[in-house]
Structure formats: structure tokens, C-alpha cells
Amino acid sequence: EPLIYAIIEQESSFNPMARSSAGAYGLMQIVPSSGGLDANRYVHNRNIAPTAEELYRPDFNIELGTGYFKKQMDVYFSGVSDLRCRMLCAIAAYNTGQGNVYYAFTGKRKAEGAFREINKYSYEQLYRHLKSRLPHAETRDYIQKVTEKIKKYSK
């Protein structure tokens, strides 16, 4: 729960009607045609992008957002052996997509070779690597803000 609260606060400041300029909707700021479609396939086995109306419903938005995060953990970063390191990669990928996280390790947007590199790092080393090597400043800031907020909600 602290992780999901941290993501929601960072994404929407708990505003269920939030909409970004990138076309992301609701509490967990889901883009229908990318993360929304991926999550809908994973959670509901539906090969259709969710609508804005669905994503403005807090229960549905949180269900898809947590499903999308779980897919990052269980599928896209399943080869990361340390759970905390896998979570950190998933946090970054929630914001920027898994391809950009793989790129920070291999220079390619495919998983091939990324896990071998990621598994060489301790959590602290991985955090520093992501903070310096992720391709977008927004995501470098995002992982810092979300990890700080997790501590706030863990009390």
C-alpha cells in the first residue's frame, strides 16, 4: 500500500479527475493506448484500451494501475533477482516504460542483457545508476520522489 499511495500522490496528488498533457487519466495517470491497454490485457484479459470515463473511476483506475505495476514486476523485470531492485526498476518503468529502463543498462530498449547488468548492482548502486543513466530527467526525478514518498506512507 505505501508504494501505491506514493505513486498516486506523485502522479495525481490524489485527484481522481487529473488529466495530463500526455493524455494520462485519473489517480494513477494511465495512458489508455499504452499502459492502459497493457494493463487491461493483463488484469482483465481484454484486448481493448480503457476509456477516459473508466479511468476517472478511482476503483477501476487503481485496479489497472496496480495491475500495470504488477506486470512490470512479474513480467518485464522478472529476471531481476533482488525484490527491492526489481521494485525500483518497476517504479522507473511505470513512468517511462520498460524499454527506457533496459536502455539505461544496455543502450538498447530490449530486455536482452539488461538483467545480467541489473543483477550486478546492490539496491543503492542501482538507485544511483538509474538516477544518472535513465534517458529522461523526469524519470530520474520520479524515482527519487516516489521512493521518498514510500517512506512517508510506511510510517
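These notebook entries record what I looked up in the structure, which is a predicted model.

**Entry 1: aromatic pairs**

I began with the aromatic rings. A search of the whole structure gave me eight aromatic pairs. I then took up the pair of Phe-77 and Phe-115. Their ring centres lie 6.5 Å apart and their planes meet at 70°, so I recorded the pair as edge-to-face. The cut-off I needed here is that planes over 60 degrees apart count as edge-to-face.

Next I asked which parts of the chain hold these two residues. Phe-77 belongs to the loop between α4 (58-76) and α5 (83-96), while Phe-115 belongs to helix α7 (residues 114-118), so the pair ties together parts that are 38 residues apart in sequence. I also looked up the accessibility of Phe-77, and its relative accessible area is 0%, so Phe-77 is buried.

**Entry 2: a second pair**

I turned to Phe-105 and Tyr-121. The centres of their rings are 5.9 Å apart and the planes stand at 65°, so this pair is edge-to-face.

Is each residue buried or partly exposed? Phe-105 has 12% relative accessibility and counts as buried, whereas Tyr-121, at 26%, is partly exposed. I noted as well that ring pairs join Tyr-5, Phe-14 and Tyr-153 into a cluster.

**Entry 3: charges over rings**

I looked for charged ends placed over rings. That of Arg-84 sits over the ring of Tyr-123, 3.9 Å from the ring centre. That of Arg-109 sits over the ring of Tyr-103, 4.3 Å from the centre.

**Entry 4: helices α5 and α8**

I then examined how α5 and α8 pack. Their axes are 9 Å apart, at an angle of about 15°. Angles under 35 degrees count as roughly parallel, so α5 is roughly parallel to α8. The crossing of α5 past α8 is right-handed.

Which residues make the contact? From α5 I listed Arg-84, Cys-85, Leu-88 and Cys-89, and from α8 Tyr-123, Glu-124, Leu-126, Tyr-127 and Leu-130.

**Entry 5: Met-87**

Finally, I followed Met-87, a residue of helix α5. Its relative accessibility is 23%, so Met-87 counts as partly exposed. Apart from neighbours within four places in sequence, Met-87 is in contact with Leu-3, Phe-69, Met-73 and Ile-150. Met-87 and Leu-3 are 84 residues apart along the chain, and their C-alpha atoms are separated by 9.4 Å.

Note on methods
Residues numbered from 1 in each chain as written. Predicted model: local features only at pLDDT ≥ 70, side-chain atom pairs only at ≥ 80, totals over all residues. Heavy atoms only, no water. Phe/Tyr/Trp six-rings, centres within 6.5 Å; stacked < 30°, edge-to-face > 60°. Helix = DSSP H or I, 4+ residues; strand = E, 2+ residues; numbered from the N terminus. Buried < 20%, exposed > 50% of the residue type's maximum accessible area, 1.4 Å probe, protein only. Lys NZ or Arg CZ within 6 Å of the ring centre and 35° of its normal. Axes fitted to C-alpha atoms, helices over the stretch in contact; angles between N-to-C directions. Parallel < 35°, antiparallel > 145°, perpendicular 65-115°, else oblique. Left-handed = near helix turned anticlockwise from the far one by under 90°. Contact = heavy atoms within 4.5 Å.
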